[in-house]
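The sequence and structure come first.

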Amino acid sequence: MPELPEAETIVGGLRGPLVGRAVSSVEVIRPDLLVGPPERFSEGVTGRTIGGVSRRGKNVVIRIGYTGSSATDSAFLVVNLGMSGRLLHRPTGARSPLPSHPGVRFLLDDGSQLVYDDVRRFGRLRLMPSPAFGAWSGTLGPEPLSRDFKVAGLIRELARSRTPIRGWLLDQRRVAGVGNIYANEALFRARVHPLRPANELSSDEARRLHGAIRSVLRAAIAANGTTLRDYRTAQGWHGSYARQLRVYAREGSDCMRCGDEIQRATFGGRSAFFCPTCQPSAEVSA
DNA sequence: CGTGCCCCCTGTCAGC
DNA sequence: TGCTGACAGGGGGCAC
């Protein structure tokens with residue numbers, strides 16, 4: 001599901017309704033969604049005030065603290081949505097459809113609710129004290145839309161691995177927030193075959209990939225993310241980037257760039273989509 | 001440490 | 001109509 005653009009869209013939809021609200025009560029319907037004991041989770045959240053909503057990679061981060069506290073005595077609720085997780089805000093008296101598979105429900109002091117809903121239950125909610133949050137964040141790679149994500153750094157890191165580039169992009173320790181949809185889309189834009197070993201990309205290909213990752217993520221954010229099936233915004237809406245996808249789920253269709261037929265291949269346990277002409281399996285010298 | 005494979009879970013769809 | 005198998009946006013654990 002949700003990759004960086006979807007998490008970013010959810011964050012944008014939660015910030016207004018959540019920031020400044022206190023959590024009146026928590027209902028843990030599916031304890032297996034929590035990392036750690038449910039009692040500690042409930043005690044750590046109940047009665048506290050939401051200080052901010054942000055994102056790290058694909059994760060939604062909700063900062064929680066006592067009213068008036070500084071950031072240092074905050075805790076961080078980190079939500080990884082897995083494949084089918086949703087974070088839905090339901091205003092008081094909302095007529096929006098009921099969540100189908102609610103896992104955790106937060107009742108807020110204005111009567112509205114935040115519901116974590118997840119059909120497949122691959123998602124996880126983790127409440128972390130500040131130091132643990134910092135350590136966890138440090139295990140993730142740079143934010144691809146930040147200034148920390150540099151061409152030089154990408155070239156250096158690519159050289160250290162011979163993993164196929166599509167798998168390399170999915171590793172959150174390398175770049176935070178890229179998943180299978182946007183890895184495939186970025187590789188098409190950069191004209192790099194998904195099976196190319198990372199350390200065999202030329203510096204020009206790495207430069208193109210760097211730009212392609214950033215532009216595809218930005219475009220997807222502008223479209224509120226990609227809804228193929230499960231993803232919804234915090235308000236329950238669909239994202240509209242699916243109709244702008246150039247290769248993902250377009251197997252058998254014409255390449256928008258050259259007209260050749262888009263191929264699908266399964267490796268690393270997941271589908272890759274690419275144009276065999278625009279993305280040759282070895283770099284073509286100019 | 002890097003890499004590849006399996007599994008977690010439910011729902012949907014294609015094929016028979 | 002109904003059954004079976006493949007597959008779905010993620011990631012943790014394990015063996016090598």
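Which residues lie nearest the centre of the second largest pocket?

## The pocket

Leu88, Ser96, Pro97, Gln235 and Gly236 lie nearest the centre, among 16 lining residues. This is a predicted model, in which local features need pLDDT of at least 70, side-chain atom pairs count only at pLDDT 80 or more, and totals for chains, interfaces and linings use all residues. Residues are numbered from 1 along each chain as its sequence is written, chains are lettered from A in the order in which they are written, and side-chain values use heavy atoms, without hydrogens and water.

The second largest pocket has a volume of about 250 Å³. A pocket is an open set of points on a 1 Å grid over the protein atoms alone, where a 1.4 Å probe fits, with protein on both sides within 12 Å along at least five of seven lines; lining residues have an atom within 4 Å of a point. The volume is the space filled by probe spheres set on the points. Strand S5 (residues 85–90; a DSSP run of E, at least two residues) gives the most to this lining, with four residues. By class, the lining has seven nonpolar, five polar and four charged residues.

## DNA strand B

Around DNA strand B are His101, Val119, Arg120, Arg121, Phe122, Arg160, Ser161, Arg162, Thr163, Arg174 and Arg229, each with a heavy atom within 4 Å of the strand. Two of these residues are nonpolar, three polar and six charged, with Asp, Glu, Lys and Arg counting as charged and Gly as polar.

Sugar or phosphate accounts for 61% of the atoms of DNA strand B within 4 Å of the protein, and bases for the rest. Polar contacts (N or O atoms within 3.5 Å) reach phosphate oxygens of DNA strand B from a side-chain N or O atom of Ser161 at 3.3 Å, from a polar backbone atom of Arg162 at 3.3 Å, and from a side-chain N or O atom of Arg174 at 3.4 Å.

Technical notes. A polar contact is a pair of N or O atoms within 3.5 Å; within protein, one must be able to donate a hydrogen and the other to accept it, and residues adjacent in sequence count only if both atoms are side-chain atoms.
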